[in-house]
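Hi,

Here's the structure I promised to pass on. Have a look at it first, and then read my notes on the pockets below.

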Amino acid sequence: MVPSAVCPITDTLITDVVADLFYTATHQLPQDIFERLNSIYQLEVGENAREATRQILENAVKARQKQRPMCQDTGFPVVFVELGRQCPYQGDLAQAINQGVAKGYTEHYLRKSMVKDPVFDRTNTGDNTPAIIHTELVDGDHLKIMVEPKGTGSESMSALTMLKPSQGVDGIKQFILDAIFRAGANPCPPLLLGIGIGGTFEKAALMAKRALFDPVLDADALRQKADGGDPYAGLALELIQMVNETGIGTQGLGGVQMCIGVNIRTFATHIGALPVALNVQCHAARHAEAVIEADGTVTHLGQHIGTEARFDEASEAVNAHVVKLQTPVSAEQFAQLRAGDRVHISGTIYTARDAAHKRMMEAYEATGAFPFPMDNQIIYYVGPVPAMADEVIGPAGPTTAARMDKYAPFFLNHGLKAMIGKGYRSAEVIDAMKANGAVYMVGIGGAAVVIADSIKQCDVVAYPELGPEAVYRLQVENFPAIVAIDSQGNNIHEQGREAYRKRDLPADMAG
Ligand code: SF4
């Protein structure tokens, strides 16, 4: 054991390791996740879902090549620490970790998303701190740090229940299925499910989160474990099958693949309890880890994807059906678009998120004018990563459209003809779209680098103080999107599930 007086594990070392891990995690997808996404791509039969998976893979490769975040939401900073009981480190661990988060997010131009208070002061802390830190004492003299930039789109779809023991396995399956149907397209499927079963209320949730770091097994490996007598491997297999069978599919576009994997952790529990927690993880299943030995040696663990692209044979056939939209797009052209059409948009579009929508509404009510002409316009729901010196814009994938639902009818009634986001829309928004001949398109959630590549110019139009939430005018070339809901109310999210119900399914969809 190294005497603490000369301990080479310093706060500075921990800070540097944490900064580096967050940087790595945001642009390098773990190898097992990449392999599973590749299998999903190979097995998918739905055209739009297959194209979405192709874009997700292309995005992962580009993110690594450019060393830029694969998704614009660089997340809650979640950190698990395993601290060896004999580890000589005696510093201020929480402070060192928080300084590492601040350093990593600032030096590497990652988007900062943490606010000071959940209810009364939602001011951005400016450096993505504080981290959410979980520390566990383990055998040994090392210190292991595992980080996860956890996107809010999937975190917000997580759930916990306290079942009765008599509800057993069927109750667990129903709870997971209900949560997946509730989540739908919002958490950017394909999904990795972290599940905690047993313990107490908080233990189940913690296990579900921790399970996201476990290696993701494919169906063959799970089958082997199940055959070897592991009932939880059998349950994981069943859950994968059930999730795939929902027909929600990749990005809610239908198809037969939706599940990257199911990782289950368990713990003893009370005779009267059966706690079950589900932590939903989107396809940007980012994590990175390192071990710091007692002598200060740092070893980074886990393989990350190489740049080989084994998925690109697809897109020629797929892109043969793309509708080219050049702005200004006429009302007639918008009306002709149909749910399921793949489009490439070129020309001018505008960005706005919740805060900008609110301000634009207030501005209109006060002055009778918007910051840009709303007639026949396209608004993209996005909050990009800060741009680096040589970038037009940082990674810029779509954000959850439902957050704009309370504002959208107002803008549709004032000339807006198209919205681009991700996830579902409310009945009120769809009614307003039908009344105004408007469409809702989805970008591929998490394909932030691919989408940023289509943005050739970016200028602030209004509210610069909102940072990534300001209103921007974008000049785009072949911006890729899919019409999810057309002006007649046809909805691809519904069609996916309907098509599933009518389709002859492959015998084994677990992949
Ligand atoms: S892929 Fe989707 S859910 Fe995941 S972090 Fe990005 S926007 Fe959020």
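Predicted model: local features only at pLDDT ≥ 70, side-chain atom pairs only at ≥ 80, totals over all residues.

Let's start with the largest pocket. Its volume comes out at about 1200 Å³, and 44 residues line it. If you want to find the middle of it, look for Arg111, Ser113, Arg122, Thr152 and Arg353, the lining residues that lie nearest its centre. Two elements give two or more residues to this lining, namely α5 (152-155) and α12 (354-367). Of these, α5 gives the most, with three residues.

Now for the second largest pocket, which has a volume of about 280 Å³. Here the lining is made up of 14 residues, and Glu136, Lys203, Leu206, Arg210 and Arg265 lie nearest the centre. The largest share comes from α7, with four residues. By class, the lining splits into six nonpolar, five charged and three polar residues.

So where does the second largest pocket sit relative to the domains? Domain 1 (1-150 + 287-314) and domain 2 (152-283) each give residues to its lining, so the pocket lies between them.

Cheers

Technical notes:
Residues numbered from 1 in each chain as written. Heavy atoms only, no water. 1 Å grid on protein atoms, 1.4 Å probe; cavity = no way out; pocket = protein on both sides within 12 Å on 5 of 7 lines; lining within 4 Å. Points joined across faces, edges and corners; volume = space filled by probe spheres on them. Nonpolar A, V, L, I, M, F, W, Y, C, P; charged D, E, K, R; others polar. Domains from an automatic or database assignment.
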